[in-house]
Amino acid sequence: MTAFFALLLVQCSWSYEGGQGLGFMAAMLALARTPETRQRVWQKYRGQFNTNPFLAGTLAGVAAHYERRDSSEVDRLLGALQSGFGSSGDNFFWRLLRPGLSVLAVTLALFRPAFGPFVFLLPFAALTQTVRVSGLNRGLEVGKQAAVEMSARLTAYSARMDVLMAFLVGVLGVRAMLTAGPAYLVLPAATVGWFGLRRPRFGSYLLLLSLLILLLVKIVL
Amino acid sequence: MALFIIGACLAGGLLLLDRWQVGEFGLSQPIVACPLLGLLYGDLGTGFYFGAALQLVWVAALPLGRAQSLDYQGAGVVAVVAHTFLTRVLKPGPDGDGKVVFACLVMASVASFIGAQLDIWNKQANGHLYRRGAKAGSPSRSTGWHLAGLATGFLRGAVLTGAFLGLAALAARPLLLLPRFTRTELLALALGLGLAGAARMFVSLRRLHWTAFGGAVAGLLWVFLRQ
């Protein structure tokens, strides 16, 4: 339980120099059983560390598994796994799950507003925290096999979610136009956005620009 | 009003810890944070409105690796808090509500940039904590420096919320000069941009038939539900 709470805070001191270094150290300290192990873990895990926050649990479990047996393998394993988990975790959680649930939640919120928060929050929190806990437990149990299993699972889910998301965008498109009423505003905004959103930062510029254009139109008319 | 400002800064600071410092449960996402703040201030409808409008605008802004993403969570918090503040100060009535919503959406988009810059400063400040934590004399001291990150994170959210309340106070009177807007028009703009972001991310020629199928299902559902 202490390790789970430490993992919830794994990023709270995130910095450009150490990444999640201190957070991962705190999680490893929570997993250390004896004062000697605690001292050894503290000496060893104060360095730079960075991975996807939800998959840090799996890596902490794997590292603690080998710390309790043969700690010579840990450095090599963590070095190899943190960047791989960083990219596959970011791809699944940030590129698919968050946008996917956002599309679903907004679509349903246009039918019934109260659905939106629950449809986003419940699956997102449940899935991310389950991955955190189950990855930790499985890593403690079977070591690097847990990382292999987690990686395979994320790849399989990612492939299925792409199709589901394409479907949901269609639902949202029609629903947005029917709900928002003035389709003459949804369509130009979507068209300009499609060409303008080549870089994700442009979302803010485009919102400002659209509001400004609407303001000018209102003043002129 | 002083109590409202202090409360809003506290609520903003706490909610925005979920952005990356604590748990990342999704509480700070606009679709959740806006209704939560709406509930707190007794205007759930406005919370739902800003949540649905803002959640998708930054759908393509991905916090991948070490890249700094825009602070769309901060944007949601700023929108609801500024709306509550302006409504209490101006008491705009149904005619002026659109003007307040317009101003809040402008502030939300600016807040996404300012929040991102505050994020960078927050991470730089955490660099000091990291250096001290790595050189500390015991495990508990290292952990203490690590947990100090909660304070810098909270401060970041509180400062962002407070700064935009200040801006809202300055903009309160001039925004009454704006032309009239309806909530539906503003929602349509935000949804259009969100739709573009989602389409850019998920629709490709290979999966276009799935998107068309989704659109057909939504259309049929609409016809069916209307009868």
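I started with α5(B) and α8(B), whose axes come within 9 Å and cross at roughly 25°. Axes here are lines fitted to C-alpha atoms, for helices over the stretch in contact, with angles from 0 to 180 degrees between N-to-C directions. Helices are DSSP runs (H or I, at least four residues) numbered from the N terminus. The angle makes α5(B) roughly parallel to α8(B) (under 35 degrees; 65 to 115 is roughly perpendicular, over 145 roughly antiparallel, the rest oblique).

The model is predicted: local features need pLDDT of at least 70, side-chain atom pairs count only at pLDDT 80 or more, and totals for chains, interfaces and linings use all residues. Residues are numbered from 1 along each chain as its sequence is written, with chains lettered from A and ligands numbered from 1 in the order written.

Next I listed who meets whom: G98(B), V101(B), F102(B) and L105(B) of α5(B) touch R183(B), L186(B) and A190(B) of α8(B). Contact means C-beta atoms, placed from the backbone, within 7 Å.

Then I turned to α4(B) (residues 72–90) and α7(B): their axes come within 9 Å, crossing at roughly 40°. That makes α4(B) oblique to α7(B). On the α7(B) side I noted L160(B), T161(B), F164(B), L165(B) and A168(B).

Last, I checked the chain contact, which takes 82 residues from chain B and 78 residues from chain A. On the side of chain B that touches chain A, α8(B) gives the largest share, 18 residues.

Methods: Two residues are in contact if their C-beta atoms, placed from the backbone, lie within 7 Å. Helices (H or I, at least four residues) and strands (E, at least two) are DSSP runs, numbered from the N terminus.
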